[in-house]
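Q: Could we go through this structure together, starting with how its helices pack and then moving on to other topics?
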Amino acid sequence: MTTVTAEPPRAATEENPLARLSPEQLDAIGEEFDAIRDRVMADLGERDRRYIESMIAMHRRLAILGRVLLLASRRRSAWVAGTAALSAAKILENMEIGHNVMHGQWDWMNDPRIHSTTWDWDNVSPADAWKHSHNYEHHTFTNVRGKDRDLGYEIMRIDPEQKWHPVYLLQPFYNLLLAAFFEWGVAVHDLNFEAIESGEKSKAKVGEELRAIGAKVKDQALKDYVAWPLLSGLAAAAFEAGLALRETRTGRRRRGGLAGIAGRALRRGLEGSRETAKADATANVIRNAWAYAIIFCGHFPDQTYTFSEKEIEGETRGGWYVRQLLGSANIEGSALFHVASGNLGYQVEHHLFPDMPSSRYAEVAPQVKDVCERYGLPYNAGPFGRQLGMVQRTILRLAFPGGKQRPKPGPYQGGEG
Amino acid sequence: MAETAATPNVPARRQRALQALRSLFTPLLPDDYLELINPLWSSRELRGRIERISPEADGAVSVLIRPGFEWPGHLPGQYLRIGVVVNGVHHWRAYSLTTEPGRADGCIGITPKLVSSGVVSPYLTQRARPGDIVRLGGVEGTFVLPSPPPRRILFISAGSGITPIMSMLRSLERSSEVDDVVHIHSARTAEGVIFGERLREIDSRHEGMRFHLQLTGEQGRLAPADLDRICPDWRERDTFASGPGEMLDDLRAHWQEQGDPERLSIERFQPIVGSEGGATAAGGRVRFLASGIEAECDGDTPILAAGEEAGACLPFGCRMGICHTCVGRLRAGAVRDLRTGEVHETENEMVRTCVNAPEGEVQIEL
């Protein structure tokens, strides 16, 4: 095994590896990645179907568990357990299921429900708008400055090549807001203000998209902040009333008679509703913050490269693959971590093969590393804490003018990383 | 979107209850949770459970299916689109219903025959087990026994073409209308007659039934001219024929020359097989159903490019087959994936227009 020094020192100006590959090498790389993809796609079958179906069933069980526990949300323990189950359900539904199904990763099953054209998710961002801005814009123009609107989501300066503006002084603050309300940020981002201003997007289209967002917002609000809190409230009130009536029957009369009982039941009901609404809001924020953290670690850590529009002129399939490789970074973690992150810890593999079922990324990772090693290409990866730390440092530093490219790791050297 | 099953006949009260609970589960439906308990409870799509699988002659099996909700009914002779999951993939095929409408147990049956190069029939004949869940699509077909049935009937069937005729015979039996029926069935050997035992039983039970078995292994194929010998009054009968295309063509010609073609109904199952080849398609005319625009598309131009050239406004994305933005529903014809050479020809399949070229005439819903 090769011994790897902690952080191989590299010149900060290490040239973009894309520039040093010949067209023949790029073609060869393209063929190798195509072959990896073809092998997996030809092998898809029952085992893969069982995987996604078990994830979908697990989401539904967790959601029911969380909702039922929260019927007793006035009890601290039920509140904590219910919120945890609901957060886990929302994370699973958003990441491993929603994101990946809407990428078309499971379209090969020809299942009318588990399909990119019909799937909808528990999110304020409508499926169609997200599919366009994410699957098309972001996955086609990954890390191309001026083309990939996901590069800082148009509101953040995360690459020193982006021009500084005083508004970026505020980015450390709205960074936190974005983490808490990520799904809202995504919904607004999908509207594409730039296209609206330039007139590229018609008013009618904007209206249509706003109505779609409105419908999603209404659905989520009705479910999380009206319907389930109402049920919890009714459950709490009924429980209180039942308890009091039993005490009345057994002779231990309480103060206030029936009116008193009704008053107490009403108070308990309101408390139950409030607690459940709080729990639902907490679950949404936890899900948002988690999605934010995983997604920001995908392209913004120090190891990744960005590209100018000039650099991708006349790009071949091989060139596209190498750009995906250079522009993405993996997060190392356990099997559970990868499920919870929708396998976006395999961001490199996801960007190389966006429509390959996510459950196969772990299996192709060694083959991708092998290609990197043979062509002297980097394979960007690091533990979650370190990757997220780098991203936050960049957000803080680049809020101020200046800044320079961080050192890049250089060619993948093999080993366990 | 992939091919979908039929919408079940959900009782109104249950429908209202599910509707009322919707906002608790959006964007899912209460159904999505109920089906964790019993997959037949889905009111999104009509499913059925396999109750019994019994072997028949000639590599066929009879599959008895219990629909999740009340069976909407069918006419004797019609076929059913049935969806099964084989190796993770939903596949749809049409099979004639072999049971009569209105069975007391509410079940329906099909009798697929093994086609060893196929996907669905090997599953149904060899691997399916009672308890398995299948999807039930629409009931279709105009090859049906009218109600009330004609007074004098001639059935002509060959091989697995017996299946729609079986439903007609069972239906006539159920309503006690086997008054004047002649049935000529062709099979290679006596042992290879699908439903052989039941056909002989029906024959022996009814005065008005006459069953003639043509063993082609010994007697050769049935020629239309043989009818004058086997069923001299064939011109006075309403005839229902089901079998290989060649036999049906011969019968049709015979009826045109010597009988009343109006009184001949035929059922044909013609398999459409894609040709082999590299990553160049045959090319052809593409019709975009949303706009009505037609485009000539040669064998190495993706449908998307040809459509845009012809002025159609089509959804597009990466143009390299990864983002699935450009998918359209294939309504007719076949397309070839220019990357893999794979042919897609399933009606209602979603195809990526950016990487597929037409194999002949194509209609696409875009």
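A: Let us begin with a definition: axes are lines fitted to C-alpha atoms, for helices over the stretch in contact, and angles run from 0 to 180 degrees between N-to-C directions. Helices (H or I, at least four residues) and strands (E, at least two) are DSSP runs, numbered from the N terminus. This is a predicted model, in which local features need pLDDT of at least 70, side-chain atom pairs count only at pLDDT 80 or more, and totals for chains, interfaces and linings use all residues. Residues are numbered from 1 along each chain as its sequence is written, while chains are lettered from A and ligands numbered from 1 in the order in which they are written.

Q: Fine. At what angle do helix H5 and helix H7 of chain A cross?
A: The axes of H5 (residues 127-140) and H7 (residues 182-191) of chain A cross at roughly 75° and come within 9 Å. H5(A) and H7(A) are therefore roughly perpendicular to each other; angles under 35 degrees count as roughly parallel, over 145 as roughly antiparallel, 65 to 115 as roughly perpendicular and the rest as oblique.

Q: Which residues in H5(A) and H7(A) meet?
A: From H5(A) come Ala129(A), Trp130(A) and Ser133(A), and they meet Val186(A), His189(A) and Asp190(A) of H7(A). Two residues are in contact if their C-beta atoms, placed from the backbone, lie within 7 Å. By class, the contact of H5(A) with H7(A) has three nonpolar, two polar and one charged residues. Ala, Val, Leu, Ile, Met, Phe, Trp, Tyr, Cys and Pro count as nonpolar, Asp, Glu, Lys and Arg as charged, and the others, Gly among them, as polar.

Q: And H2 with H11 in chain A, how do their axes cross?
A: The axes of helix H2 (residues 23-43) and helix H11 (residues 317-327) of chain A cross at roughly 75° and come within 7 Å. H2(A) and H11(A) are therefore roughly perpendicular to each other. Among the residues in contact are Leu26(A) and Phe33(A) on H2(A), and Tyr321(A) and Val322(A) on H11(A). The residues of this contact divide into five nonpolar, three polar and two charged.

Q: Switching to chain B: what domains is it divided into?
A: Chain B has domain 1 (12-140), domain 2 (153-267) and domain 3 (284-365), with bounds that come from an automatic or database domain assignment. Between the C-alpha centres of domain 1 and domain 3 of chain B there are 31 Å.

Q: What is the strand order in the six-stranded sheet of chain B?
A: The order is S4-S3-S6-S1-S2-S5 in an open sheet with antiparallel pairing. Two strands pair if DSSP finds at least two bridges between them. Strand S4 (89-96) and strand S5 (108-110) of chain B stand at the edges with a single partner strand each, so one side of each is left without a neighbour in the sheet. Neighbouring strands of this sheet are turned by 40° against each other on average, direction ignored.

Q: How many bridges join S3 to S4 there?
A: Eight bridges join S3 (residues 79-86) of chain B to S4(B), and the two run antiparallel. Ile82(B) stands opposite Arg93(B) in S4(B).

Q: Which helix packs on that sheet?
A: Helix H3 (residues 120-127) of chain B does, touching strand S2 (61-67), S3 and S4 of chain B. The direction of H3(B) makes about 80° with that of S3(B).

Q: How many residues does each chain bring to the contact of chain B with chain A?
A: Chain B contributes 23 residues and chain A 35 residues. On the side of chain B that touches chain A, helix H2 (30-37) and S4 of chain B are the elements that give two or more residues. H2(B) gives the most, with three residues. That side of chain B divides into twelve nonpolar, nine polar and two charged residues.

Q: Where are the cis peptide bonds you have for chain B?
A: One joins Thr26(B) and Pro27(B), with omega of about 5°; Pro27(B) is in the loop between helix H1 (12-20) and H2 of chain B. Another joins Ser147(B) and Pro148(B), with omega of about -5°.

Q: Last one: is Phe195(B) buried or exposed?
A: Phe195(B) is buried, with 23 other C-beta atoms within 10 Å. A residue is buried if 20 or more other C-beta atoms lie within 10 Å of its own, exposed if 12 or fewer, and partly exposed in between, with C-beta atoms placed from the backbone. Phi of Phe195(B) is near 65°, a positive value in a residue other than glycine.
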